[in-house]
Amino acid sequence: MTPARRILLVDADAFFVAVARQVDPEGAGRAALLIVGGRPGSRGVVCSASYECRRYGVRSAMPIARALALCPDALCVPVPRAACSERSRAIQGVLGRFAPVVQASSIDEWYCDLAGTEALYGHESLADTARRIREAVFEATGLYVSIGGGTSRLVAKMAVEVGKPKPGSGATGVHCVAPGEEAEFLGRFQLAELPMVGPRLAETLARMGLETVREAQRWPEEALVSRLGERTGRWLARRVRGVDDSIVSPRERQKQVSREDTFARDLDDDDLLERELLRLAVRVSSDLRRQALRARTVTVKVKDADFRVRSAQRTLGGFIESEGAVLKAARPLLRQLRRKRRVPLRLLGIALSHFDDDDRGAPLPATQLGLFAEPTASASPGVSRGGGGEGKGEGGEGLPFPDPTESERDRALTRALDRIRDRYGSEAILPARLVDPAHETGPRVEE
């Protein structure tokens, strides 16, 4: 008989708040009401807030101004990024002493697969092992973690939410679900609380009279298939019973490289916005090259002055990595978003995805080359035009955007610039438009 899987999810409790208090014990360390994300009056958003602040309705991703309106007595501090990175690495180092496989899900969350460690730990319960891990993390870092455990990543993810020692919860920081008890455990949750059950699917299920996991568990699998389709129906039938075969791997495949800026004031000038787009293209393409990646899909994201978030996306016929090609792919998307809804913008971002190791050997359309080549009037044969948000990947008069050109000479030149910037600083060489003080837009908040 195959032994049951032993999966843990380790979640650092109020990670950014806890690190901010360690870094500044006399300031943030003494503030019960603490918001981490930016200074008062900034255009940033809440990264994390203490449990005491959350009682006032303060939540992650909320604008700082809104958070301080709800909790005016709170101390608001920037994210201690370097310290957070250092503490994250320290926690992962501790986990590596206990688990043969550790996968970082985010800066403050890790999956651990303890398969094959039963004899090593004297066949103690998974919960006992989790408690020892929790103690070891605190001894090494001074930070508390909550740990959920079970036979799958899904169950561990839901269990850690139950184990978090929130004020008044009575939880101890560890909650593990025994093999065979997965369905009973998950029955306490709403369907919308399950990972990967998004708002649209939750609305569809609600129209079917299904709002809780327990209600969905009563439906036979074939009944769910008949209403939701083969793929979604079978997936949901397995999920509500805790069946999840996804593995814990040491390193998840990189899915996206992105950069965003929140402006010090809303911008409505097209020239200034395209200048900021250039600034983002320089930074995000540099991030891409540092990870030895090239991308096919470019997404431009905006947040309007009224906080409406919109995006446009296009997938190219070949891979790109240079800042010039990224800008040429992104500029028509920004212009399209501006035509759709002409309002001042408070945020602008570029994301690159669909990397050159994602196709697993699938043939690609030919890439346009040539340093001085003229762009074609329409898309290359076989090019897929993805549409994210409001974007359709089309230019004026409904024609597809032409693909940007990028030659090996372009790539070599950009890498040479990288070497200069690595040696003399990120602003040693910049496009001329970015060093013109007449176009300065004020401080920005990277997100």
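Me: Contact means heavy atoms within 4.5 Å. With that cut-off, what share of the protein chain's contacts with a separation of 6 or more comes from residues 24 or more positions apart?

Reply: Those residues account for 69%. This is a predicted model, where local features need pLDDT of at least 70, side-chain atom pairs count only at pLDDT 80 or more, and totals for chains, interfaces and linings use all residues. Numbering starts from 1 along each chain as its sequence is written, and side-chain values use heavy atoms, without hydrogens and water.

Me: Why is Lys164 called buried?

Reply: Buried means under 20% relative accessible area (exposed is over 50%, partly exposed in between; 1.4 Å probe, protein chains only). Lys164 has 15%. That is under 20%, so Lys164 counts as buried. Across the protein chain, 48% of the 447 residues are buried too.

Me: What does Lys164 touch, not counting residues up to four places away in sequence?

Reply: Its contacts are Asp11, Asp13, Ser146, Ser169 and Ala171.

Me: What makes the link between the side chains of Lys164 and Glu161 a polar contact?

Reply: A polar contact is a pair of N or O atoms within 3.5 Å; within protein, one must be able to donate a hydrogen and the other to accept it, and residues adjacent in sequence count only if both atoms are side-chain atoms. Here the distance is 3.3 Å. That is within 3.5 Å, so the pair meets the distance cut-off.

Me: Where does Lys164 sit?

Reply: Lys164 lies in the loop between helix H6 (153–163) and strand S8 (174–176). Helices (H or I, at least four residues) and strands (E, at least two) are DSSP runs, numbered from the N terminus.

Me: Why is H6 called largely enclosed by the rest of the structure?

Reply: Because eight of its 11 residues are buried. Among them are Leu154, Met158 and Val160.

Me: How many residues of strand S7 (residues 145–150) are buried?

Reply: Six of its six. Val145, Ile147 and Gly149 point one way, and Ser146, Gly148 and Gly150 the other.

Me: How do you know that S7 pairs with S1 (residues 7–12)?

Reply: Two strands pair if DSSP finds at least two bridges between them. S1 and S7 have six, in the antiparallel sense, so they pair. Val10, for one, has Ile147 as its bridge partner.

Me: How many bridges join S7 and S8?

Reply: Three, in the parallel sense. Gly149 stands opposite Cys176 in S8. The chain goes from S7 through H6 to S8 in a left-handed β-α-β crossover. A right-handed crossover would run clockwise from the first strand over the helix to the second, with the strands pointing away from the viewer.
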